[in-house]
Amino acid sequence: MNAVVHAKAESRHLLSGNEAVARAAWEAGVRVAAAYPGTPATEILENIALYPNIYSEWSVNEKVAVEVAIGASLAGSRALAAMKHVGMNVASDAFMTQSLAGVVGGLVIVVADDVGLSSSQNEQDSRYWGRFGHMPILEPADSQEAYDLVKRAFDLSEAHETPVIVRMTTRVCHVKAMVVLESERLERPTPGFQKNPQRWVMTPANAKPRLPIMHERDRALRDASEASDLNVVSAGGDRRIGFITSGPTFMHVRETFPDAPVLKLGFSHPAPLDKIRAFASQVDTLVVVEETEPLLETEIRAAGLEVHGKTILPRFGELAPSVLRPAIKALLGEAHEAASRSRADLFPRPPTMCASCPHLGPYFALSHIRNLNIIGDIGCYTLGAGHPWNALDTCISMGASLSMAHGMDKGRGDSDEKKSIVAVIGDSTFLHMGMQGLLNMIYNRGNVTVLLLDNRSVGMTGGQENPGTGQDLHGLPAPRVDFAKLAEALGVRPERIRMVDPYELPTMVKLVREETKMEEPSVIITNRPCSLTDRFERLRAYTVLDDQCTGCGNCIDLGCPAISVARRETVTAKSGKTKELVFAQIDPNTCTGCHMCVETCAPDAIVQPEPQNRVIRIHAHA
Amino acid sequence: MRDGITNILVVGIGGQGVMTAAEMLARTAISQGYDVKKTEVAGMAQRGGVVSSHVRFGPKVYSPQIDAGEADLLIGFEAAEALRWLPHLRPTGVAMVNTLRIAPPVVSAGLYAYPADPIGELAATGIEVHAFDAGAIAEELGNTKLVNTIMLGAISDHLPFPAEVLKANIVEGFRAYKPKLAEVNAQAFDAGREAGHVKAVSRQLTA
């Protein structure tokens, strides 16, 4: 990963799209870069942080990240903000108006759409923002193009004084491909902020004259798109179908139909309609292949051209060769034999929490307490909705848990009468957008029990830092927010702020029981680090003494991946009732010695064996 | 191999080193002058979920994804995962499979069943499948994390470049970043290469 940081021009590298963006930003002379972690965009800032002469930070949320980049741009610096698709929703308030005001230093927003939802709560097409906010969109198809287009984006941004969106997808961000580096860093003059209230103070009186300027910019950008070498025809002899592609769909189309002509749109908004019209005249049938909304298709049809798109292709998900082939064959009236894709009858492997995960304790508690509505949030703890906890009832957007829980408290229905409302949120999500919900709940005299699961990391994206971890993007010491003091400052009574070790299951259960009975808001804060970060200390593995295990199955209810069922036995009691006993075993390679399961074991059958100097055996039976 | 493109699918479970093995193949292919693309289909699980890594290389590679029925080689780090992805292999392809079985919590809980004999099911397809216990070899060498180097060794005689080139790339990588592990990885590669010569299970069945 680090090698490319020092690489010279004209060298060849295997880079992910995200790594390519980072190198391009450095070469383009970017001075400020900001982001909030989010799959599949996280590695952009992680890689930018490796380069010299760029100030880079984890911002607390995407809106803040964009505003940081805007400030730098107004000072004349080139600036970049990166985020996943849902981050754009958060950031939009800032860029929608900045687009009207324009920019000074090149301002590029790199957004990564999770097409196919590999790690997201929805599937969004960020190309809408270009239409909505009057910003041009560049769409790379692979790592080389991510590298090329990010550099072009800065030039375009400065030439037209507009923010530019570089739209990536998971299949560009995370694919590793060859990149040939073109140059090294070019330092640029940074003039400094030039005061100009009419331009930068967006009161109605100042904003109104900017509207015709922005619309004129749209026209200029359309001309630029028409003339751009990023919108180029890739020739093909089979003219029955001409494809129009944006982003990675070019690769899928070229792979599947190597002989078809393709108009490849790298500068996809504003769409070069004249170029498209000329291309359409050279082919029998026009097919737009775009992920995921029919944006170009609609615009092309509105321009009076006959075109296929989502009329024949799936409305959502990736348009991989396996998806394109049958649809296009059907359009051509050709037979297609579908290859079986995978063994659908095999068991699934749903994502699971890790051994020693500090979220296991709270979910053990929540799954053992009745009459709760548990309002969740975005993070690893969303997995609490799954087996075996089944202890999370909602998840929609970052920070929503506290405000939704407050709303559910105020809007209680008949079945909620005797229930307590619980909000579950992690440290980073709380700081991203959750704390406003707490402030609102206190201000409006709500009653919600908040579980603030502080694992000192942004867990789901790979353990990034945040203001609660005590370190910054570069791993350097940083001021660490005190969650208890913060909750108190927002108005929670100190008596109702409870710190707890999530590994101490009896205490955990007792605290949640107590606080959910209170007639006022509580905040329960857990204090163990994510077990995948360096802050976690791995201890010796535990083992189950088989002759001591009574088969109660309590430890299995914890949901720890190190614990599994060794065997089942059905026993008949004197009363004639039958009962299934579940005997447990612990995988010594997976167990990290957290002792949570020990707390569930009445007969003390879970013990830590004396250390032995031998290789730990993997369970291998063919 | 069609159009000079080699398609390799590496499958297993998060945390097993699947992505590292795929990266090693991709880097070696680049060093041999090929155009390369590598992509993962990994869910949000950092641990415990299915991971499938696609490596494609040749004169010019467009799509990073290997279509169903288009893989030339399948490296399975776990028996049931090899079975899950076998339909991605061409009928003329080769699968190299670690016989390790890892049952997820949903199986342990009795919600789903783990196949009784995944290797037997692989054999029944008639495709060339080589299966061996990579975990046992790793254990003999004293480090269970060696499984991915062992699997790379096992597949190395089926690649369009010499096995020695892949081995040298792996060992040099360790020499640069974790020099203490260079020698044992060289041994693991050789042991895996030897193990990969095991008779194909499918042939045994039909013989």
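Guide: Two residues are in contact if their C-beta atoms, placed from the backbone, lie within 7 Å. In this predicted model, that cut-off is applied to pairs at least 6 apart in the sequence of chain A, and 75% of such contacts join residues at least 24 apart.

Visitor: What radius of gyration would a compact globule of 622 residues have, and what does chain A have?

Guide: A compact globule with 622 residues would have a radius of gyration near 25 Å, and chain A, at 28 Å, agrees with that expectation. Along its principal axes the C-alpha trace spans about 85 × 65 × 60 Å, and 53% of the residues of chain A count as buried.

Visitor: How many helices and strands does chain A have, and in which order do the 5 strands of the open sheet lie?

Guide: Chain A has 19 helices and 22 strands; the open sheet of 5 strands runs in the order 14-15-16-18-17, with parallel pairing. Its edges are strand 14 (372–375) and strand 17 (497–500), each of which pairs on one side only, while the twist from one strand to the next averages 20°.

Visitor: Over how many bridges do strand 16 and strand 18 of chain A pair, and which helices pack on the sheet?

Guide: Strand 16 (residues 449–453) and strand 18 (residues 522–526) of chain A pair in the parallel sense over 5 bridges, with A:Val450 standing opposite A:Val523 in strand 18. Helix 16 (residues 400–410) of chain A packs on the sheet, touching strand 14, strand 15 (420–426) and strand 16, and its direction makes about 175° with that of strand 15. Helix 19 (residues 505–516) of chain A also packs on the sheet, touching strands 14, 15, 16, 17 and 18, and its direction makes about 170° with that of strand 17.

Conventions: Residues are numbered from 1 along each chain as its sequence is written. Chains are lettered from A and ligands numbered from 1 in the order in which they are written. This is a predicted model: local features need pLDDT of at least 70, side-chain atom pairs count only at pLDDT 80 or more; totals for chains, interfaces and linings use all residues. Helices (H or I, at least four residues) and strands (E, at least two) are DSSP runs, numbered from the N terminus. The radius of gyration is taken over C-alpha atoms; the globule rule is 2.2 Å times the number of residues to the power 0.38. A residue is buried if 20 or more other C-beta atoms lie within 10 Å of its own, exposed if 12 or fewer, and partly exposed in between; C-beta atoms are placed from the backbone. Two strands pair if DSSP finds at least two bridges between them. Axes are lines fitted to C-alpha atoms, for helices over the stretch in contact, and angles run from 0 to 180 degrees between N-to-C directions.
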